Amino acid sequence: MCIRDRSHPLRVAILCYERMDPSIGIMVEIRHQLAEAGHAPFYPTKTLRDLGMDVKRVARFVERTDADAWLLVAASREVLEWFASHPLPAFALFGRRHQVDIASVGPDTSPTIVEIVRHLISLNHQRIVMLSRRERRLPEPAQFERSFLTELESGPTTVGPFNLPDWDETKEGFRSLLEALFHLTPPSALIVHEAPHFIAVLRFLAKRGIRVPEDVSLICTDPDPSFAWCDPPMAHITWDVEKVSRRVMRWAANVSRGKEDRRQTSIKAGFVAGDTIGKARP
């Protein structure tokens, strides 16, 4: 596909992870800002999940789509590596962007997960489980998950598949995973990616009379606007989301002027302890 005159406004394809993307709030703001800057952002007819994160399918889809640049939300390493080798400008929003030569932005959450694990261990938690998407677990754990496992290994617990379980990424698969986890020896703490999954876990526990944090502690790895309405708040990782949109806008401005931009930006993250963390039961 030919790249248009970059001195002109860009047609920016926003390729989301899935149709109910957890990042949709951020993307609404970014799309608005791109439009305000004179660009033409749009959502293509497929998502990364629709395309199965398959590089060949993604490549064919890109060739069929009229776009000057691509904004990729939570893409796998393989997909990002394909875009990095392609002449079409692309930007990675979150996803497995580390050590890939592509412009990107995302929170630096590895130090924060170390802080969380240490805090949980100080509260006598030994059965700590993280629920992550397939792209973050395979073919090897991403940086955030590696930091989680490494910190666990330095503590008093034995680390194995229980701590970072495999699961079928459907509603039924998620429920089956939770039922298996809480069948015999339940986790004392759950670290959950994405607010929708966090809410699903809360619903699952409430229906079974499992109390938070008396029976199990819960932490969400993402901020969510709804947490601001909780008093005290849910335990979660937070960062300045405005810095995300500012970095995207700088990239779009550079590309529209014909300037190559492959800079990676990491945003400092913090931990909000909230009231969903408690001492582990004896």
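I call a residue buried when its relative accessible area is under 20%, exposed when over 50%, and partly exposed in between, with a 1.4 Å probe and protein chains only. Helices (H or I, at least four residues) and strands (E, at least two) are DSSP runs, numbered from the N terminus.

**Entry 1: ground rules**

I am reading a predicted model, where local features need pLDDT of at least 70, side-chain atom pairs count only at pLDDT 80 or more, and totals for chains, interfaces and linings use all residues. I count residues from 1 along each chain as its sequence is written, and side-chain values use heavy atoms, with hydrogens and water left out.

**Entry 2: helix α6**

Which residues of helix α6 are buried? I looked through residues 143–153 and noted F144, E145, S147, F148, L149, E151 and L152. A reminder for my notes: an α-helix has 3.6 residues a turn, so residues three or four places apart point the same way.

Next I asked what the buried residues of α6 pack against. I found two helices' names on the list, α4 (110–122) and α5 (134–137). The strands there are β6 (128–131), β7 (189–192) and β9 (236–239). Contact here means heavy atoms within 4.5 Å.

Two packed helices are described by the angle between their axes and the distance between the axes. I take axes as lines fitted to C-alpha atoms, for helices over the stretch in contact, and angles run from 0 to 180 degrees between N-to-C directions.

I looked up helix α2 (residues 55–64) and helix α3 (residues 77–85). They pack at an angle of about 40°, with axes 10 Å apart. That makes α2 oblique to α3. Under 35 degrees counts as roughly parallel, over 145 as roughly antiparallel, 65 to 115 as roughly perpendicular, and the rest as oblique.

The crossing of α2 and α3 is right-handed. I call a crossing right-handed if the near helix is turned clockwise from the far one by less than a right angle, and left-handed if anticlockwise.

Which residues make the contact? From α2 I listed V55, V58, A59 and V62. From α3 I listed E78, V79, W82 and F83. Sorted by class, this contact has 7 nonpolar, no polar and 1 charged residues. Ala, Val, Leu, Ile, Met, Phe, Trp, Tyr, Cys and Pro count as nonpolar, Asp, Glu, Lys and Arg as charged, and the others, Gly among them, as polar.

**Entry 3: S76**

I stopped at S76, in the loop between β3 (69–73) and α3. Is S76 buried or exposed? S76 counts as buried because its relative accessibility is 4%. Leaving aside neighbours within four places in sequence, I found S76 in contact with M53, R96 and E135.

**Entry 4: aromatic pairs**

How many aromatic pairs does the structure hold? I noted 8. Rings of Phe, Tyr and Trp (its six-membered ring) pair if their centres lie within 6.5 Å; planes under 30 degrees apart count as stacked, over 60 as edge-to-face and the rest as tilted.

F61 and W70 form an edge-to-face pair, 6.3 Å centre to centre with 70° between the planes. Both F61 and W70 are buried. The rings of W167 and F174 have centres 5.2 Å apart and planes at 55°, so that pair is tilted. W167 counts as buried at 9% relative accessibility, and F174 counts as buried at 7%.

I also found one aromatic cluster made of F61, W70, W82 and F83.

**Entry 5: α7 against α8**

I then took helix α7 (residues 171–181) and helix α8 (residues 195–207). Their axes come within 11 Å and cross at roughly 50°. α7 and α8 are therefore oblique to each other. This crossing is right-handed. On the α7 side, the contact is made by F174, R175, L178 and E179. On the α8 side, I listed H197, A200, V201 and F204. By class, I noted 5 nonpolar, 1 polar and 2 charged residues.

I looked up two cis peptide bonds. One joins V212 and P213, with omega about 5°. P213 sits in the loop between α8 and β8 (217–220). Another joins D231 and P232, with omega about -5°. P232 sits in the loop between β8 and β9.

Then I checked phi. N124, in the loop between α4 and β6, has a positive phi near 75° and is not a glycine. N124 is exposed, at 55% relative accessible area. E194, in the loop between β7 and α8, is not a glycine either and has a positive phi of about 75°. E194 is buried, at 12% relative accessible area.
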